[in-house]
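Reader: I want to learn how to read side-chain contacts in a model. Take me through a case, please.

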Amino acid sequence: MRKTVYITALVLLLSLGTLALASCGGSTDSSATASEQVKLPPGSTAESATQQTTTTETTTESSTSNTTASQNPSTETTNATASSSAALLPADVAGGHFEVVKVTRRENNKSVVSGNARQVSGDYQELELQITNTSGFLLDLSQFSFRLESPGIDAYVYEDYYGTTGTYGAAVSANIISGTLLDYSSLQQASYTLKSGEVVDSVFLFFDLNPLSTAKNTAVTLENTDLIIKKVSGTGYGEKAYINLATPAG
């Protein structure tokens, strides 16, 4: 009987030792796992740390995108060496109110060619106009001439390049050339008849400032250039007004 009790106690003691060893081993593994985890700042949780990382990555990507965009200017900007939409002092001639709403110095003739027409580099002055019939009668735009005057213009060399076609410049006198009023939608002559009170926009003039070269004509500036609007037939014949390309309205 004593022997049986002794053996039972021995077995029980051995079982307890095994459990103790297993418990110690589990504790060691848990400590190793905890030491490999990233330590968070005081007061932070794993969720908040993840959100901060995501926000930082998104901000960096956005900044990179903005930088890339700023390094790729539009082709419209490269085509125009200078452009201004500041309102200039308007002119009133024979019942017509003429406003130059935009002035652009172009590096090629892309604005006036369409389809497979040849594009030519050079120095061009583009003037966008708005015209209002302020009279009580019909206003025929074909009865007006539109001329550009500047000491930097040599009018007598235009025929050498354009021949008798004066759409983009024809000699009037030494420093004055005439051009054709065009419509942006068709690129054809805008020889409209306006009703009393009618306004027409999206019409423009396109002058070649250097018909013998693709170089810029530096002798022509906004300050020394005037647009001359003159009534050349019909009622009010001979009336004219000047719009300086650097003189603002008001």
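Reader: Which side chain makes a polar contact with the side chain of Lys-231?

Author: This is a predicted model, so keep to what its coordinates give. A polar contact is a pair of N or O atoms within 3.5 Å. Here the partner of Lys-231 is the side chain of Gln-143, at 3.2 Å.

Reader: Where does Lys-231 lie?

Author: Lys-231 is in strand S12, residues 226–231.

Reader: What does Lys-231 touch, leaving out residues up to four places away in sequence?

Author: Val-93, Ala-94, Gln-143 and Phe-144 are among its contacts. Gly-236, Tyr-237, Gly-238 and Glu-239 are touched by Lys-231 as well.

Reader: Over the face of which residue does Lys-231 lie?

Author: Phe-144. Lys-231 sits 5.4 Å from the centre of that ring.

Reader: Is Lys-231 buried or exposed, and what is the nearest side chain of opposite charge?

Author: Start with the general idea. Side chains of opposite charge can pair when their charged atoms come close. Lys-231 is buried yet has no salt bridge. Its nearest side chain of opposite charge, Glu-239, is 7.6 Å away. The salt-bridge cut-off is 4 Å, from side-chain nitrogen to carboxyl oxygen.

Reader: How many salt bridges does the count come to?

Author: Two. In one of them, Asp-123 meets Arg-105, with N to O at 2.7 Å.

Reader: Are Asp-123 and Arg-105 buried or exposed?

Author: Both are buried.

Reader: With which residue does Glu-126 form a salt bridge?

Author: With Arg-106. The closest N and O atoms are 2.9 Å apart. Check burial next. The cut-off for buried is under 20% relative accessible area. Glu-126 has 4%, so Glu-126 is buried. Arg-106 has 6%, so Arg-106 is buried too.

Reader: Now rings. How many aromatic pairs does the structure hold?

Author: Seven. Read each pair by two values: the distance between ring centres and the angle between planes. Take Tyr-124 and Phe-206. Their centres are 5.2 Å apart and their planes stand at 25 degrees, so this pair is stacked. The pair links distant parts of the chain: Tyr-124 is in strand S4 and Phe-206 in strand S11 (residues 199–208), 82 residues apart. Tyr-124 and Phe-206 are both buried.

Reader: What kind of aromatic pair do Tyr-161 and Tyr-162 form?

Author: Edge-to-face. The angle between the planes is 85 degrees, and the centres are 4.8 Å apart. Planes over 60 degrees apart count as edge-to-face.

Reader: What is the relative accessibility of Tyr-161, and what is that of Tyr-162?

Author: Tyr-161 has 42%, so Tyr-161 counts as partly exposed. Tyr-162 has 17%, so Tyr-162 counts as buried.

Reader: Which residues do ring pairs link into a cluster?

Author: Tyr-124, Tyr-161, Tyr-162, Tyr-168 and Phe-206.

Reader: Step back to the protein. How many helices and strands are there?

Author: Four helices and 13 strands. Buried residues make up 31% of the 250 residues.

Reader: What share of the contacts with a separation of 6 or more comes from residues 24 or more positions apart?

Author: 64%.

Note on methods:
Residues are numbered from 1 along each chain as its sequence is written. This is a predicted model: local features need pLDDT of at least 70, side-chain atom pairs count only at pLDDT 80 or more; totals for chains, interfaces and linings use all residues. Side-chain values use heavy atoms; hydrogens and water are left out. Buried means under 20% relative accessible area, exposed over 50%, partly exposed in between (1.4 Å probe, protein chains only). Helices (H or I, at least four residues) and strands (E, at least two) are DSSP runs, numbered from the N terminus. Lys and Arg count as positive and Asp and Glu as negative; His and the chain ends are not counted. A polar contact is a pair of N or O atoms within 3.5 Å; within protein, one must be able to donate a hydrogen and the other to accept it, and residues adjacent in sequence count only if both atoms are side-chain atoms. Contact means heavy atoms within 4.5 Å. Rings of Phe, Tyr and Trp (its six-membered ring) pair if their centres lie within 6.5 Å; planes under 30 degrees apart count as stacked, over 60 as edge-to-face and the rest as tilted. A charge sits over a ring if NZ of Lys or CZ of Arg is within 6 Å of the ring centre and within 35 degrees of the ring normal.
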